[in-house]
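These are my notebook entries on a structure that is new to me. I set down what I looked up, entry by entry.

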Amino acid sequence: MNLDRTVCALATPPGTGGIAVVRVSGPQAYEMVAKVFTPRAAGKTVAGARGYTAMLGHFSLRGQELDETIALFFRAPHSYTGEDVIELSVHGGSVMAESLLEALCLAGCAPAGPGEFTRRAVVNGRMSLTQAEAVMEIIAAGGRQGAALAKTALDGALARTIREIQTGLQSLSAHLTAWIDYPEEDVPELQPAELTAALTEARTRLDRLIDGYGAGAVLRRGVDCVLLGRPNVGKSTLLNLLAGFDRAIVTPVAGTTRDVVEQAVQLGEIRLNLFDTAGVREVGEDGDAIEAEGIRRSWRKLEEAGLVLAVFEAGTPLTEEDRAIAARCQGRPALAVLNKQDLQPDPAALAAQEAALRPCFARVLPLTARDPASLPVLSAAVAELLGTARVDTGAAALCSARQLAAATAARVALAAAIDSQAQGLGPDAAGVCLADAQRALAELTGEDATEATLDEVFSTFCVGK
């Protein structure tokens, strides 16, 4: 990334809207904006604008005045990127925004790449890499809890926690190095019990971060959820209830759903990327080839899903297909939904059905898929199963697979250091492992991030952020 160039990009979504905002950042931001923006008030100039002020005017393209414009000015280093930044607001719609970008490019600006503004903020020390990753998590959050979790990371909670762990490890490492390399200085030996206790404390803090990653990721990004069951048990009815409209065709005819139907829905604080699958049944060698392919896709989706809602007809004896579904759900994050409670199934038959299903599922839920009152019950059960009900949105949390990999590597190194002491090895063995843990944590925070790592992180960002 070339910090000497001045870049511009649309910072609001493209298309029709009230306003469109174009952001300009770089060493020549004021000079280049002055070529296209003319203040309305006499005596006002772009060059003379102070930071954190606004100015009304218009922008021009090839000498023609095109639209009324409001310019917001930020002076380095007190801006989002740490550079001179100007944000230009014009009327919404693609024509004015594209014309403004064209004018800025003619004035010398270069189009910004994905995440380039935030990447400049990291390079210029305005935020850590963990805070930068939280930016996109806030943008992508599907619920308030997920947004709150990402906001906590943006405020620096994760960076502070990792820094505290790093500080403790650095003190240990310095003590070990001094004791090993400078015996003539009479440095007191770090007792094995004391060393193990300090290493264990650091590992425990990393354990908490790693253990909380799954639930936090669900809150921020949602989860792939598959609806599974034999024909006519109410899968499509449940999909329509979750979606809030008739997304899937519902008929008494077995095999109505022949392919996987996809729909994103919001269930409480969790976004479900929902897949309604073909009803699972035995179609035979001479059966419907299309339906058979739909059933094969149903099983494949089960393997990929982060959540399974297996639907059964309440009070009906389990069929071979039901038992096959239950067996495949065992050991997975799965709930059994006993649908059609409104038909008042026989209590004894219902109890027997629940007892048969319980060993294969985290929970068995009796409900009616056509009744909106079932949604809070299902929402609470899903939140409990996926752990989101127990997430502390004010605590530090890992928010990317990259961070998880680095934290896991640090934890493995600390476990090796602890194990070395349990085996009676010298403190120098722990010192080697400590160095590995410190490198992993430095990679997590971005202190030792390579250009390739930065390229990978910011490639996932939207242009304009």
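**Helix H8.** I looked up how enclosed H8 is: 7 of its 9 residues are buried, so the helix is largely enclosed by the rest of the structure. Buried means under 20% relative accessible area, exposed over 50%, and partly exposed in between, with a 1.4 Å probe and protein chains only. Helices (H or I, at least four residues) and strands (E, at least two) are DSSP runs numbered from the N terminus. I listed the buried residues of H8 as Tyr213, Ala215, Gly216, Ala217, Val218, Leu219 and Arg220.

**Basis.** The model is predicted: local features need pLDDT of at least 70, side-chain atom pairs count only at pLDDT 80 or more, and totals for chains, interfaces and linings use all residues. Residues are numbered from 1 along each chain as its sequence is written, and side-chain values use heavy atoms, with hydrogens and water left out.

After H8 comes Gly222, with a positive phi near 90°.

**Cores.** I then turned to the largest nonpolar core, which has 31 residues; Ile270 and Leu238 are among those touching the most other members. Such a core is a set of buried Ala, Val, Leu, Ile, Met, Phe, Trp, Tyr and Cys residues joined through side-chain atoms within 4.5 Å. H8 (213–221) and helix H13 (374–386) are among the elements that each supply at least two of its residues. A second, separate core of 29 residues includes Leu169 and Leu398.
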